[in-house]
Amino acid sequence: QVQLVESGGGLVQAGGSLRLSCTASGSIFSINKMGWYRQAPGQQREWVAFAFGSSSGYTDAVKGRFTISRDNAKNTVYLQMNSLKPEDTGVYYCNTFPGRLAWGQGTQVTVSL
């Protein structure tokens, strides 16, 4: 079973950037779709972005600001987040798309005004 470890979160001012990483304990080479998700306080977890081969998709709220990428050789998925807004605050997770693996602990992203 692949285990996922997210990192790279932190506290940033609005307009700033963060790069999240998700490293898998096993190979993700065979996993077609990997995604990033987030859960804001008091909200359900929602998908943010997915990568499928050379294609990617984003929820409307982050289009043009976030970029997902993956490095199969490093078993790592990244999420570059630019022009961050307070509403991007939450715990960010990676998983398959849709999520089928056990969820990791996530990484906290806090965007202040």
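The side chains of Thr-76 and Thr-23 are joined by a polar contact of 3.4 Å. A polar contact here is a pair of N or O atoms within 3.5 Å; within protein, one must be able to donate a hydrogen and the other to accept it, and residues adjacent in sequence count only if both atoms are side-chain atoms. This is a predicted model, in which local features need pLDDT of at least 70 and side-chain atom pairs count only at pLDDT 80 or more, while totals for chains, interfaces and linings use all residues. Residues are numbered from 1 along each chain as its sequence is written, and side-chain values use heavy atoms, with hydrogens and water left out.

**Around Thr-76**

Thr-76 belongs to strand β8 (residues 76-81). Helices (H or I, at least four residues) and strands (E, at least two) are DSSP runs, numbered from the N terminus. Thr-76 has a relative accessible area of 5% and is buried. Buried means under 20% relative accessible area, exposed over 50%, and partly exposed in between (1.4 Å probe, protein chains only). Leaving aside neighbours within four places in sequence, Thr-76 is in contact with Ser-21, Cys-22, Thr-23, Ile-28, Ser-69, Arg-70 and Asp-71. Contact means heavy atoms within 4.5 Å.

**The disulfide**

The structure holds 1 disulfide. Cys-22 and Cys-94 form it, with their sulfur atoms 1.6 Å apart. Cys-22 lies in strand β3 (residues 18-24) and Cys-94 in strand β9 (residues 90-96), so the bond ties together parts that are 72 residues apart in sequence. The cut-off for a disulfide is a pair of cysteine sulfur atoms within 2.5 Å. Cys-22 is buried at 1% relative accessibility. Cys-94 is buried at 0%.

**The open sheet**

An open sheet of 6 strands has the order β2-β10-β9-β4-β5-β6, with mixed pairing. Its edge strands are β2 (10-13) and β6 (55-58), each pairing on one side only. From one strand to the next, the twist averages 20 degrees. For such angles, axes are lines fitted to C-alpha atoms, for helices over the stretch in contact, and angles run from 0 to 180 degrees between N-to-C directions. Two strands pair if DSSP finds at least two bridges between them. Strands of a sheet pair through backbone hydrogen bonds, either parallel or antiparallel.

| Pair | Sense | Bridges |
|---|---|---|
| β4 and β5 | antiparallel | 6 bridges |
| β4 and β9 | antiparallel | 6 bridges |
| β9 and β10 | antiparallel | 3 bridges |

Strand β4 covers residues 33-39 and β5 covers residues 46-52. Tyr-37 stands opposite Trp-47 in β5. Gly-35 faces Asn-95 in β9. Strand β10 spans residues 107-112. There, Thr-107 is the bridge partner of Tyr-92. β9 is mostly covered, with 7 of its 7 residues buried.

**Backbone exceptions in the loops**

Most residues other than glycine have a negative phi, and most peptide bonds are trans. The peptide bond from Phe-97 to Pro-98 is cis, with omega near 0 degrees. Pro-98 sits in the loop between β9 and β10.

Asn-75 is not a glycine, yet has a positive phi of about 50 degrees. Asn-75 is placed in the loop between β7 (66-71) and β8. With a relative accessible area of 18%, Asn-75 is buried.

Ser-83 also has a positive phi, near 50 degrees. Ser-83 lies in the loop between β8 and β9. Its relative accessible area is 41%, so Ser-83 is partly exposed.

**The chain as a whole**

The protein chain has 0 helices and 10 strands. Its C-alpha trace spans about 40 × 25 × 20 Å along the principal axes. The radius of gyration is 13 Å, which agrees with the value near 13 Å for a compact globule of 113 residues. That radius is taken over C-alpha atoms, and the globule rule is 2.2 Å times the number of residues to the power 0.38. Of the 113 residues, 46% count as buried. Among contacts between residues at least 6 apart in sequence, 56% join residues at least 24 apart.
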